[in-house]
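Please look through the structure below.

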There are 2 protein chains.
Amino acid sequence: MTTVLPLIHSDDVGAYGPRLTAGVVSDASAESLAGVFKALGAPTRVKLLSMVAAAPGAEACICDMTAPVGLSQPTVSHHMRLLVEAGLVTREQRGRWAHFRIVPGALAAVAFALQPAGSATRES
Amino acid sequence: MTTVLPLIHSDDVGAYGPRLTAGVVSDASAESLAGVFKALGAPTRVKLLSMVAAAPGAEACICDMTAPVGLSQPTVSHHMRLLVEAGLVTREQRGRWAHFRIVPGALAAVAFALQPAGSATRES
DNA sequence: CCCACATATTGACATCTGTCGATACATCGC
DNA sequence: GCGATGTATCGACAGATGTCAATATGTGGG
């Protein structure tokens with residue numbers, strides 16, 4: 001049950017994907033959006049995601065995250081797998097280590113889906 | 001286990017709440033954010049939320065939503081309760097009907113939490 | 001070649017979740 | 001008051017989820 005970006009479907013899509021506030025979303029869009037939200041729906045994964053984003057070089061490996069979240073290595077590996085399947089992070093195996101990175105634009109796409117109709121995001 | 005906005009906590013907060021990409025979030029922020037994401041983590045609730053947003057007058061009652069989602073009335077009531085508890089919609093009892101509305105700014109606050117550091121939202 | 005180390009997989013378990021049918025509660029019209 | 005109607009609550013149940021210990025897999029160093 002691997003959920004993947006892009007969150008693009010037929011009816012309720014804007015330029016960057018479906019939008020919650022732009023009419024009733026299709027079943028497919030609801031499924032895609034809920035898939036990403038479900039991946040974000042555990043405190044552990046929220047923290048892991050922020051740790052990846054905040055890591056030096058925007059890159060983190062499991063060994064660096066196990067201790068801070070206070071969970072076992074298999075559990076952290078499991079959560080990271082879910083984040084990868086949701087299309088929020090990428091895994092890159094380099095030697096013994098698995099390096100995780102935030103997928104560029106993935107979080108922004110979800111943010112876009114939540115913004116009120118008629119608003120846009122601008123870089124400062 | 002009623003989760004409520006605002007998603008404000010000590011360390012990782014910006015002007016509008018915690019931000020996933022602005023350093024490692026605190027346990028409390030991770031819990032708050034995950035609570036909202038969990039509420040959005042079911043296709044049924046995503047669709048219900050968009051139906052409320054798209055309803056005439058931005059207001060909907062259970063009786064209008066039961067048929068479109070194809071679920072029983074108790075189930076829809078249950079989902080709406082979760083959305084209310086997550087702080088995403090409000091319930092207002094008027095006569096026999098329960099009227100639901102999107103909480104102004106609630107979705108925007110979640111969107112803010114997901115936006116990359118240094119970006120802002122602007123009305124068009 | 002073998003050991004140490006980083007990660008993934010498996011199996012198990014308690015808990016949470018989504019759904020329903022049955023039923024209770026509340027309000028309106030008559 | 002009574003019946004109809006909209007909504008909430010309760011009890012039940014299958015399935016998903018988060019976690020762990022044990023184990024497997026893979027990689028690098030000596």
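The model is predicted, so local features need pLDDT of at least 70 and side-chain atom pairs count only at pLDDT 80 or more, while totals for chains, interfaces and linings use all residues. Residues are numbered from 1 along each chain as its sequence is written, chains are lettered from A and ligands numbered from 1 in the order in which they are written, and side-chain values use heavy atoms, with hydrogens and water left out.

How are the two chains related? Two copies of a chain are related by a rotation about an axis and a shift along it. Here a rotation of 180° with 0.0 Å of shift along its axis brings chain A onto chain B, with an RMSD of 0.0 Å. The two copies are therefore related as by a two-fold rotation axis. The superposition is by least squares on the C-alpha atoms of residues with pLDDT of at least 70 in both copies. Both copies use the same surface, since 100% of the contact residues of chain A recur in chain B.

Between chain A and chain B about 3200 Å² is buried, and carbon and sulfur atoms give 68% of this area. Buried area is the accessible area (1.4 Å probe) that two parts lose on being put together, summed over both. The interface of chain A and chain B holds 2 salt bridges, a salt bridge being a side-chain nitrogen of Lys or Arg within 4 Å of a carboxyl oxygen of Asp or Glu. A salt bridge joins the side chains of A:Lys47 and B:Asp27, at 2.0 Å from N to O. There are also 4 residue pairs in polar contact between chain A and chain B, both residues at pLDDT 80 or more. A polar contact is a pair of N or O atoms within 3.5 Å; within protein, one must be able to donate a hydrogen and the other to accept it, and residues adjacent in sequence count only if both atoms are side-chain atoms.

Helices (H or I, at least four residues) and strands (E, at least two) are DSSP runs, numbered from the N terminus.

The DNA strands come next. Around DNA strand C there are 24 residues, the closest being A:Cys63, A:Ser77, A:Arg91, B:Thr75 and B:His79; a residue is near a strand if one of its heavy atoms lies within 4 Å of it. Of the atoms of DNA strand C within 4 Å of the protein, 71% belong to sugar and phosphate. Phosphate oxygens of DNA strand C lie 2.9 Å from a side-chain N or O atom of B:Arg45 and 2.9 Å from one of B:Ser72. With A:Ile62 the atom is a backbone N or O, 3.4 Å from a phosphate oxygen of DNA strand C. α4(B) gives the largest share of the surface near DNA strand C, 5 residues.

DNA strand D has 24 residues around it, and A:His79, B:Cys63, B:Gln73, B:Ser77 and B:Arg91 come nearest. Sugar and phosphate make up 69% of the atoms of DNA strand D within 4 Å of the protein. Polar side-chain atoms lie 2.7 Å from a phosphate oxygen of DNA strand D in B:Ser77 and 3.5 Å from one in A:Thr44. For A:Ser72, a side-chain N or O atom is 2.9 Å from a phosphate oxygen of DNA strand D. The most residues of the surface near DNA strand D, 5, come from α4(A).

Helix α4 of chain A also holds A:Arg81 and A:Glu85, which are 4 residues apart and therefore separated by about one helical turn. Their side chains, those of A:Arg81 and A:Glu85, meet in a salt bridge at 3.9 Å, N to O. Over all chains, the whole structure has 10 salt bridges.

Notes
Contact = heavy atoms within 4.5 Å.
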